Amino acid sequence: MRDTYILRRVLTALFAAVFMAALVVGCGQNAKQATETAAALEGEYIFTDQAGNEVTVKAPVERMVVLQHHSLDIICQLGGQDKIVGVESTWQRDLGDYIAEIWPAIKTLPTPGTLTQPNIEEIAKLKPDIVIVASQSDQSSAAKLREMGIPVAVISLRGEGKQAEAQNPRLSNADKAYTDGLRGAIEILGHLTGRDAKAKELWAFAEESRAIVEKAVGEIPDDQRVTAIPVGSKHMVYGNDKYVGCMLLRAGGVNPAAKDIQGNGEYNVESLAKWNPDVIISQDRYPEIYKELTTDPAYAQLRAVQNGNVIEAPYWAKPWGNPDADSVALGELWLAHMFYPDKVSADVVMERAKKFYETFYGVPFTGKVADGIVRK
């Protein structure tokens with residue numbers, strides 16, 4: 001009897017301790033939620049950027065300096081370009097002429113820095129509420145801006161956090177990292193510009209396009225996939241753990257350079273001959289590369305050249321090292337069409353492109369969808 005009584009007292013005390021611990025945790029969570037709610041009501045936005053820095057700013061912001069071209073483009077897609085008061089100096093080279101057609105005012109904006117180097121004095125003159133920089137931007141300059149009371153946020157478009165080398169990341173799951181990173185960047189930029197609903201709409205559109213691609217080409221066996229090498233400027237090739245490799249896989253292709261190149265690397269005639277892909281993909285922002293590949297006799301022996309399968313990717317497809325919103329919303333669909341025109345028609349790509357431009361850029365789509373490749 002006494003043993004039963006003692007056991008009952010022990011169990012009661014244990015239950016009370018567990019209850020009090022839960023109550024304390026719950027109060028802590030409630031307090032945190034209350035703090036976050038109060039901050040939101042006051043317009044304070046506290047978030048962790050894509051390099052792990054905590055950023056605090058009142059949102060929506062009124063003045064942004066954007067020194068990262070992907071972010072610049074996404075803000076335009078969200079309709080928030082009226083918030084931008086300064087851009088990177090090479091915006092035209094990094095994005096293409098189309099951005100000035102979508103947003104003519106960009107041609108008159110100050111350019112207080114580059115993708116890698118902010119100009120602290122010029123940025124300060126613009127009195128921004130926040131500065132958006134790339135992961136390869138000089139972080140000592142970012143630190144000085146923060147010391148001056150100017151918030152700085154790094155947008156990397158990758159979801160695995162800060163990388164030791166911005167251009168050549170090593171990712172445990174590249175597809176997930178870029179998917180999470182792009183979605184996170186859209187959410188951050190949407191909240192900063194006060195366009196949260198548009199940000200959700202933009203990501204939903206991208207997911208819809210991915211579903212079309214997955215249904216059409218997702219089950220193609222590895223040994224039947226198109227092999228493709230994506231190239232950039234100055235004989236640069238995209239290899240392993242770059243977004244465009246994920247893009248190729250989703251579109252039913254595979255990048256043979258990924259076995260030899262981590263991140264970005266260089267190609268030459270010999271390396272391209274070694275990989276000898278079905279397709280070589282260049283970008284229309286670097287027209288000199290396409291011309292060289294298709295006219296220089298040194299490349300004439302390549303299978304892609306002989307079969308007429310050197311593709312100059314249009315500005316709206318964006319098969320880049322890091323994703324833009326239209327890389328996922330349109331580019332993966334376009335590439336699936338180029339690889340397998342019998343599975344993804346040009347009409348489907350054109351329909352999605354028209355809808356994207358009207359919905360997010362607010363202008364008609366004037367691009368073209370070329371015929372798919374010929375496999376021999």
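**The sheet and the salt bridges**

Author: In this predicted model, valine 131 stands opposite valine 152, a residue of strand β6. The strands concerned are β5, which covers residues 130-133, and β6, and they run parallel and are joined by three bridges. They belong to an open sheet of four strands, paired in parallel, whose order is β4-β3-β5-β6. Because β4 (84-87) and β6 (152-154) stand at the edges and have a single partner strand each, one side of each is left without a neighbour in the sheet. On average, and with direction ignored, neighbouring strands of this sheet are turned by 20° against each other. Helix α2, made of residues 69-78, packs on the sheet, where it touches β3 (64-67), β4 and β5, and the direction of the helix makes about 130° with that of β3.

With a cut-off of 4 Å between a side-chain nitrogen of Lys or Arg and a carboxyl oxygen of Asp or Glu, the count comes to 15 salt bridges.

Among them is the pair of aspartate 180 and lysine 176, whose closest N and O atoms are 2.6 Å apart. Both residues lie in helix α7 (residues 174-192), and because they are four residues apart there, about one helical turn separates them. Aspartate 180 also meets the side chain of arginine 183 in a salt bridge, at 2.7 Å from N to O. Aspartate 180 and arginine 183 are three residues apart in helix α7, and so are likewise separated by about one helical turn. As for accessibility, aspartate 180 is partly exposed, with a relative accessible area of 23%, while lysine 176 counts as partly exposed at 48% and arginine 183 is partly exposed at 28%.

A further salt bridge forms between aspartate 260 and lysine 274, with the closest N and O atoms 3.1 Å apart. Aspartate 260 lies in the loop between β9 (253-254) and β10 (264-266), whereas lysine 274 lies in helix α10 (residues 269-275), so this pair ties together parts that are 14 residues apart in sequence. Aspartate 260 counts as partly exposed, at 42% relative accessibility, and lysine 274 is exposed, with a relative accessible area of 59%. Finally, salt bridges link Asp73, Lys318 and Asp326 in a network.

Terms used: Residues numbered from 1 in each chain as written. Predicted model: local features only at pLDDT ≥ 70, side-chain atom pairs only at ≥ 80, totals over all residues. Heavy atoms only, no water. Pairing = 2+ DSSP bridges. Helix = DSSP H or I, 4+ residues; strand = E, 2+ residues; numbered from the N terminus. Axes fitted to C-alpha atoms, helices over the stretch in contact; angles between N-to-C directions. Contact = heavy atoms within 4.5 Å. Buried < 20%, exposed > 50% of the residue type's maximum accessible area, 1.4 Å probe, protein only.
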